[in-house]
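Visitor: Could you show me around this model, one question at a time?
Guide: Gladly, and here it is.

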Amino acid sequence: MRPDINSQKVLSYTQAIAKIIEFNVPKQDRDINIPKNPEELFTLVIGMLGDVSEEIITNRGINEIQEKNIRFCASFFDAYKNTERLQSLDDYSLLIGAAAYYLCNLPGSASVLIKKINASHLDLHVSKLDLFLYWLLKGDYSFNPGVTGSLFANLLSEISTSFCNFFKSSVDESRILLVCKELQSFVYSRHNPREFFITDLIYAICIKKINNSCWKNLPIFTNLSEDIWKPIITKKTFITELWPAQLLLGQNGVFAGQSAVIQMPTSAGKTKSTEIIIRSSFLAERSNIAVIVAPFKALCHEIKNDFIKAFSKEVNISIDAINDVFEDSELTLFADLSKKHIIILTPEKLYYLLTHQQTFTENIGLIIFDEGHQFDTGERGVTYELLLTELKRFLPKSCQKILISAVIHNAQQISEWLSSDTKVVQGTNTLPTERSIGIINFDYGIGQINFINKLDYNKSDYFVPKVIQVIEIPKLRRERKQRYFPDIKDSSSIALFLALKMSIKENVAIFCGKKDSVNKILKLTVTYFKSFPDNPCPKSNNFEIQKLSYLISRNLGCDNNFYTAAQKGVFAHYSDIPYGIKMAVEHAMHESLISFIVCTSTLAQGVNLPIKYLFISSTHQGSDKIKVRDFQNLIGRVGRAGKLTEGSIIFTNPEIYPQGAYRWNGAINLLNPENSEDCSSSLLSIFEPFYQDNNPLSFKTIINLYFDNNETIDTIVKELNARCPQFAISELKKQITLKFLYIEKVENFLMMLGDDISEEISSEIAKSTLAYKLANEEQKDEIVTLFTTIAKKVEEKTDDKNQLPIYAKTLRGLNQTFALRDKLTDKKNLLIQASSSTDLLDSLWDIFIDGNIQNSYFNFYSDKEKLKCATKKWMEGVSFFELFNILQGEKINGRDYIKIESCVNIFENGIAYSGSVLINAITEIVNLVDDQDYTSTINLLTLFQKQLKYGLPTIESILIYEWGFCDRVIAQEIAKIIPSTDDKDLMKMNILEKKDEILEILKQYPSYYEIVLERIVE
């Protein structure tokens, strides 16, 4: 049996009815013309489930077509439950829907439906077979189901006892299947069709659960005995079964040490997969040190927290998340073989450590690159590529290398570049939840959502009518023009309307292409609640709302839309929000303490949140159209497995319709993952022409200009503009600056070679880059010439090549290092005499403002003395609203005056990173100035660097921040009650001693920080 076209239509009718109720369409508008009743499908879907159960019982598995058919059944039962047609069938729909989801390899969705059933009321009149099926799908085998009084009590009890024994200690597998067979025979003798059906489901699910179990698979996949795995499998925090993506990895040898490039959808079980990879490596003694490289600080943080839970109470395993401050003390971790280490850090930090020492890589037995498609993301992409190029040279041949991404279209090319023995594992078909795609239109003068067909995006599946009811906004005093909400011509306004409507029940997010659009939506939110103060707010925990609002007020003040919108339960999440607030908002959303965020592409940066509805207000990022790859990564955050059975992506731009139009085709293009762009290399952009037109400057000339001390970027731009006036000066400067930055990265990379630097070696290194792997023949020559020319220039400019690795520690090119050394030579007396970080800032400020802070707001801000004053206050730990009071009234670009969020950008994204990079370079160079002892100066510079990094005044508050209390306000409050120390381990002891007093402080702040304290205490 299989669904035909008519059956597909009935499913669409069923989903339409469910969506109408889900989107709370007024009851008087819910009548839509449905030619067939959903109930007509019951016979078909039950028959298909029966057939598949029989197939599993007979042949122990099903094919792809059968799996697809069972997805159809699961979707029907899931939707039917939400139609409110025959509520007496709710438990039946949930139970059978959960069974169908499990059988079609969507265990997370099965879990979601099972959790909705009240077992105490479950009675499908099958002599408690339903209760047993519920117990089986719930997956808690620490107790037996209550089947006393069932006609089948003895057999069910025997199956459950054997099941518990199997999942406890891998015994009784054959007994389970034998008794299932006996149960089936007994039930068949009673001639009750529903009992037949439920029994076959029980039998089939027992088979599938055994086949998916960790006991059955991990010993085979890892070539390790059950006894070795037993302490792990029996641990409460470990999984009992493998999900489809994890089975796929096991079948491809990844758990046995096979290096791989893995394409795995978001929420398909990546965290647990990574845990199994690490555990199998440790258990097989292939490694003592596993390294996870994640491109974002927030992602490193999330991975660390997940692993602290997973590896809790395993004293022989240390979870070490290395902060991204430029210091090399963490190198000792790589030398500590007394226990197993899981080291989590960013590419930039690992690259920095490599500039200090390469031999530490000899102890790395496993390295995992998370979100490993970031090689074409500008400066970060260049760093990431050069890092992997260097690691390929120094990692042991036996080291297992894993690169994971949800969006890596040219995985085979990346795999071949990574190493010759790397395998590609395509897990794109292991999507763990369903997605529905809707597009707003006003074709009939009313707002409706057209849901499009998942197999053919150019076809509509069903629609939800009258989902948008436009309302008049009360006029303000002296206001003449009538305003409406939503504005049906404004995608942001429509997105806010729908998000407010749906956030009353579920978690929602609005995606904005620009930061300004986030602020626009927050402003609209504030206006909406001023106009309609009695309208319901998004669902949330009121205490958490108060705590989050308080934290925002302490950082940003109360006179802004961030604070006012937060009080109503609407939160911003993008790069210009203080880091401590972002962490608290992510935690609150993850735990469903809040339900509404407005975000930019930060949502796609690896952070996992349970979002039911994602409203797409724009398909652009800034002025550029969003990449298909980035869009797929974005929508991958919707419909979190184990939390939801479906996620909905709704385009709110009403101009996308009609079908076939430019915007329609653009949206449809984004939805197809096959259209994803290849993962490329930012290094290749060095050779690209300006504006994709005839390049007026060849890359060879650019290299010569880069090394020419007599030419500045400004003079180069003026000369080019004089020759080619069609190129705007601002654009030329932007592009040349970027090319110079990439060349400097390569130069610094080659400086690590030291005495080995030569054209021959640099040529070989060039050929080992991803850029070379992806290049055409002409570009390959250019890449080799780039590297050899840089190597030659570096050799020409240094008298002692043994000094090059020392210069490389500055993370700068040679010219930049020499220029900085000359300036420091002139300032050496000032540096020696400095007694505080403020003295150092005064002495070095001219270097700061000489193009060394890579932040456009910082560089455009004209009153640099005022900026210096604010930087001092930043290091003193003052709040952002106090910094804003100092800086307000000046422009940060040709159009906009500084705002409070601009202050966050300047200090957290500018001073904190570029400033600490600069001080790192100064610290490395100081000892090279002359033979004097600069120990005290270097100690002061080290503190200065961290004060710039964190915006905190004392070593105590800095250490508290580094222990996880990553908000400047909170770190300083805790520091007031903690005994003074400059030792991180002693600081932990002090925190433990003062935990009760710290908890009292934290009660007024978001719950995330109480969790931080709990983890430290544990």
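**Salt bridges, rings and backbone**

Visitor: What is the relative accessible area of Asp850?
Guide: This is a predicted model, in which local features need pLDDT of at least 70, side-chain atom pairs count only at pLDDT 80 or more, and totals for chains, interfaces and linings use all residues. Residues are numbered from 1 along each chain as its sequence is written, and side-chain values use heavy atoms, with hydrogens and water left out. Buried means under 20% relative accessible area, exposed over 50%, and partly exposed in between (1.4 Å probe, protein chains only). Asp850 is therefore partly exposed, with a value of 46%.

Visitor: Which residue forms a salt bridge with Asp850?
Guide: A salt bridge here is a side-chain nitrogen of Lys or Arg within 4 Å of a carboxyl oxygen of Asp or Glu. For Asp850, the closest N and O atoms are 2.6 Å apart, and the partner is Lys823.

Visitor: Where in the chain do Asp850 and Lys823 lie?
Guide: Helices (H or I, at least four residues) and strands (E, at least two) are DSSP runs, numbered from the N terminus. The pair links distant parts of the chain, 27 residues apart. Asp850 is in helix α35 (residues 837-852), and Lys823 is in helix α33 (residues 814-826).

Visitor: How many salt bridges does the structure hold?
Guide: One of them joins the side chains of Arg85 and Glu39, at 2.9 Å from N to O. Arg85 lies in the loop between α3 (64-81) and α4 (90-103), and Glu39 in the loop between α1 (5-22) and α2 (42-59), so this pair ties together parts that are 46 residues apart in sequence. Salt bridges also link Lys235, Lys272, Glu275, Arg279 and Glu314 in a network. The total is 49.

Visitor: Is Asp490 buried or exposed?
Guide: The side chains of Asp490 and Lys520 meet in a salt bridge of 3.1 Å, N to O. Lys520 lies in helix α20 (residues 515-531) and Asp490 in the loop between β12 and α19, so the pair ties together parts 30 residues apart. Lys520 is partly exposed at 37%. Asp490, with a relative accessible area of 17%, is buried.

Visitor: How many aromatic pairs does a search of the whole structure find?
Guide: Rings of Phe, Tyr and Trp (its six-membered ring) pair if their centres lie within 6.5 Å; planes under 30 degrees apart count as stacked, over 60 as edge-to-face and the rest as tilted. With that rule, the search returns 45.

Visitor: What kind of pair do Phe375 and Tyr384 make?
Guide: Phe375 is buried at 0% relative accessibility, and Tyr384 is likewise buried at 0%. Phe307 and Phe311 are both buried too; their ring centres are 5.6 Å apart with planes at 75 degrees, so that pair is edge-to-face. The rings of Phe375 and Tyr384 have centres 5.1 Å apart and planes at 45 degrees, so their pair is tilted.

Visitor: Which residues does a cis peptide bond join?
Guide: Most peptide bonds are trans. Here omega is about -5 degrees, and the bond joins Phe485 and Pro486.

Visitor: What is the phi of His125?
Guide: His125 sits in the loop between α5 (107-115) and α6 (129-138) and is exposed, with a relative accessible area of 64%. Lys466, in strand β10 (residues 460-468), has a positive phi of about 50 degrees although it is not a glycine. His125 is not a glycine either, and its phi is positive, about 60 degrees.
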